[in-house]
Structures are given as structure tokens and as C-alpha cells.
Amino acid sequence: MTFIVKTRKVLLNKLLNRRQLSVELLHPNKPTPSQESIVKELASKYKADERNVVVYGLRTQFGGNRTTGFALIYDTQQYLLKFEPKFRLRRRGIIPKRDGSRKGWKEVKSKLKKTRGAEKTKIYMSRKTDKREVIRVQKETYLKGFVGK
């Protein structure tokens with residue numbers, strides 16, 4: 001490897017079934033390492049599956065040579081899907097990215113403001129349950145891919 005990984009403040013969080021780490025990377029005269037290479041290094045260091053390691057919040061010091069960030073090492077994939085925020089799951093490609101534009105969503109929101117009574121709740125609930133259902137199905141299919149491996 002072209003960088004050295006130092007971990008600090010390693011906490012074992014039993015409630016969330018994960019290890020929480022503060023990560024410091026030393027990479028003299030080299031660019032900032034990719035998240036994939038950092039994940040591989042941490043997985044080998046802590047004897048964990050690469051799919052259960054999440055790295056985020058990387059900040060490179062001005063002038064280079066040192067990067068700091070955070071890492072989470074979950075016990076299993078189920079806990080990763082249960083406790084990890086949706087935006088990080090979207091980054092990893094587990095949950096599908098949002099469809100439609102921000103402008104379209106705002107137009108629907110303004111239409112909801114104009115409707116009254118039961119129609120409003122029907123429209124709102126149908127939109128909300130559809131999104132939740134899609135995310136739930138996507139998580140289940142993602143987990144089924146690991147059962148066979």
C-alpha cells in the first residue's frame with residue numbers, strides 16, 4: 001500500500017452492532033487514497049468483510065500527506081442496512097437514487113397545498129408508502145444477493 005492507516009478512538013457500540021473508529025491516513029508525496037482502498041485496508045486490519053465497512057468524512061490537510069476521517073465496521077449486512085443513513089446507502093448503490101427533479105417534487109408539494117381534506121391525505125400517503133415500499137424491496141433484494149455467497 002502507498003499509505004499508512006492509523007486508528008484512534010475505537011469504540012465498540014453494542015447497541016448498533018458496530019465498531020466506530022477515527023481514521024488517520026499518512027500518505028507522504030501521494031494523492032489522497034480512494035475510499036475503496038481505505039475500506040480494503042480496514043477490513044484486512046480488523047478481519048471484517050469489506051461490505052460491512054463504511055468510510056466517510058475524509059478531510060485532507062492543506063499541503064497533503066495526512067487525511068483524517070471516520071469509519072464504521074458493522075457486524076452484519078442486516079445491521080448496516082438497518083442503522084446506516086439512506087444517503088450513504090444511496091452512495092453505495094444499495095438503495096436506488098431518487099427519481100425526478102427537485103422542481104417536480106416542489107410542484108407536487110404546491111398541488112398538495114391546494115387540495116383539501118381526505119384527498120390530500122390520500123395523495124400524500126400514496127406517495128410516501130410507494131417510496132418506502134421501493135426502498136424496502138431494494139434492501140431485501142440486496143440482502144438476498146449475499147445469502148448465496
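Q: What makes the 4 strands an open sheet, and in which order do they stand?
A: In this predicted model, the 4 strands are ordered β1-β2-β4-β3 with antiparallel pairing, where strands are DSSP runs of E of at least two residues, numbered from the N terminus, and two of them pair if DSSP finds at least two bridges between them. Because β1 (4–13) and β3 (53–60) each have a single partner strand, they stand at the edges and one side of each is left without a neighbour in the sheet.

Q: How do you know that β3 and β4 pair?
A: DSSP must find at least two bridges, and β3 and β4 (residues 65–74) are joined in the antiparallel sense over 6 bridges; Arg59, for example, has Thr68 in β4 as its bridge partner.

Q: Why is Arg88 called buried?
A: The relative accessible area of Arg88 is 13%, and buried means under 20% (exposed is over 50%, partly exposed in between, with a 1.4 Å probe and protein chains only), so Arg88 is buried.

Q: What makes the link between the side chains of Arg88 and Glu84 a polar contact?
A: The term requires a pair of N or O atoms within 3.5 Å, one able to donate a hydrogen and the other to accept it within protein, and residues adjacent in sequence count only if both atoms are side-chain atoms; the side chains of Arg88 and Glu84 are joined at 2.6 Å.

Residues are numbered from 1 along each chain as its sequence is written. Local features need pLDDT of at least 70 and side-chain atom pairs pLDDT 80 or more, while totals for chains, interfaces and linings use all residues, and side-chain values use heavy atoms, leaving out hydrogens and water.
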